[in-house]
Amino acid sequence: MERIDMKIVCQNRKAAHEYFFDELIEAGMVLLGPEVKSLREGRASLVDSYGKIKDGEIYIYNMHITPYPYAHHLDLDPLRPRKLLLKRREIGRLIGKTEEKGYTLVPTKVYFSKGRAKVELALARGKRKYDKRQVLKEKELQREIDQAKKREGY
């Protein structure tokens with residue numbers, strides 16, 4: 001989904017280690033002016049953030065946007081819940097999916113696309129400990145294969 005007109009602000013790399021992603025969804029965010037300016041400077045973090053459905057709307061919780069230092073007229077909470085903008089049909093489908101056992105909404109990255117702040121949400125299932133170990137074994141095996149090919153001159 002990488003596009004030329006896309007400027008990535010922050011990513012949640014740990015999420016790929018903790019969850020299996022079944023589907024990725026792009027959503028807009030309802031932000032205030034100083035928050036947009038902070039995002040443009042890259043002052044955001046998705047660590048421990050999650051999406052939650054409340055009253056038929058989707059919100060992102062625990063996303064930290066550092067307050068813009070030159071905005072003195074507004075005192076904003078950096079961890080306030082932020083509403084996400086999706087079509088009603090998508091929200092209805094996500095409500096059905098998240099009610100299934102083990103599914104959750106995990107934000108994976110925040111970026112600007114055509115001047116608009118977007119968040120990429122993943123419909124995710126949690127990995128168990130043995131799943132994580134299996135993935136690490138596969139990565140290690142692939143690394144050894146690549147090194148062997150490099151030594152042999154492929």
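Hi everyone, thanks for coming. Please keep in mind throughout that we are looking at a predicted model, and that every value I quote is computed from it.

Let me start with the overall layout. The chain has four helices and nine strands, and if you read along the sequence you get the pattern β-α-β-α-β-β-β-β-β-α-β-β-α. Along the principal axes, the C-alpha atoms fill a box of roughly 65 × 40 × 25 Å. There are 154 residues in the chain, and 32% of them count as buried.

Arg128 and Gly28 are 100 residues apart in sequence, and their C-alpha atoms are 31 Å apart in space. Arg128 sits in the loop between strand 9 and helix 4, and it counts as exposed because its relative accessibility is 52%, where the cut-off for exposed is over 50%.

Now to the core. Which residues of the largest nonpolar core touch the most other members? The core has 25 residues, and the ones to look for are Met29, Leu39, Ile58, Met63, Leu84 and Val110. Several elements each supply at least two residues of this core: strand 1 (6-11), strand 2 (19-29), strand 5, helix 3 (88-99), strand 8 (103-113) and strand 9 (116-126). Leaving out residues up to four places away in sequence, Met63 touches Met29, Leu39, Ser45, Leu46, Ser49, Pro78, Leu79, Arg82 and Val110.

Arg82 in that list takes us to the charged pairs. As a reminder, side chains of opposite charge can pair when their charged atoms come close. The count here comes to seven salt bridges, and I will walk you through three of them.

In one of these, Glu35 pairs with Arg82, with the closest N and O atoms 3.0 Å apart. This pair links distant parts of the chain, since Glu35 is in helix 2 (residues 33-40) and Arg82 is in strand 7 (residues 82-85), 47 residues apart. Are these two partners buried or exposed? Glu35 counts as buried because its relative accessibility is 3%, and Arg82 counts as buried because its value is 1%; the cut-off for buried is under 20%. There is also a network here, with Glu35, Arg80 and Arg82 linked by salt bridges.

Another pair also involves strand 7. Lys83 forms a salt bridge with Glu57, and the closest N and O atoms are 3.1 Å apart. Here too distant parts of the chain are linked, with Lys83 in strand 7 and Glu57 in strand 5 (residues 57-61), 26 residues apart. Both partners are partly exposed: Lys83 has 29% relative accessibility, and Glu57 has 26%.

The last pair I want to show lies within one helix. Arg143 and Glu140 form a salt bridge with closest N and O atoms 2.8 Å apart. They are three residues apart in helix 4 (residues 129-152), so about one helical turn separates them. Arg143 is partly exposed at 44%, and Glu140 is partly exposed at 36%.

Next, the largest pocket. Its volume is about 160 Å³. Around it you will find Asn12, Lys14, Ala15, Glu18, Tyr19, Val47, Asp48, Ser49 and Val106. Which element gives the most to this lining? That is helix 1 (residues 13-18), with three residues. By class, the lining has four nonpolar, two polar and three charged residues.

Most residues other than glycine have a negative phi. Asp48 is not a glycine, yet it has a positive phi of about 65°. It sits in the loop between strand 3 (44-45) and strand 4 (50-54), and it is exposed, with a relative accessible area of 59%. Asn62 also has a positive phi of about 65° without being a glycine. You will find Asn62 in the loop between strand 5 and strand 6 (64-65), and it is partly exposed at 33%.

Technical notes:
Residues are numbered from 1 along each chain as its sequence is written. This is a predicted model: local features need pLDDT of at least 70, side-chain atom pairs count only at pLDDT 80 or more; totals for chains, interfaces and linings use all residues. Side-chain values use heavy atoms; hydrogens and water are left out. A salt bridge is a side-chain nitrogen of Lys or Arg within 4 Å of a carboxyl oxygen of Asp or Glu. Buried means under 20% relative accessible area, exposed over 50%, partly exposed in between (1.4 Å probe, protein chains only). A nonpolar core is a set of buried Ala, Val, Leu, Ile, Met, Phe, Trp, Tyr and Cys residues joined through side-chain atoms within 4.5 Å. Contact means heavy atoms within 4.5 Å. On a 1 Å grid over the protein atoms alone, a cavity is a set of points where a 1.4 Å probe fits but cannot get out, and a pocket is an open set with protein on both sides within 12 Å along at least five of seven lines; lining residues have an atom within 4 Å of a point. Grid points are joined across faces, edges and corners, and a volume is the space filled by probe spheres set on the points. Ala, Val, Leu, Ile, Met, Phe, Trp, Tyr, Cys and Pro count as nonpolar, Asp, Glu, Lys and Arg as charged, and the others, Gly among them, as polar.
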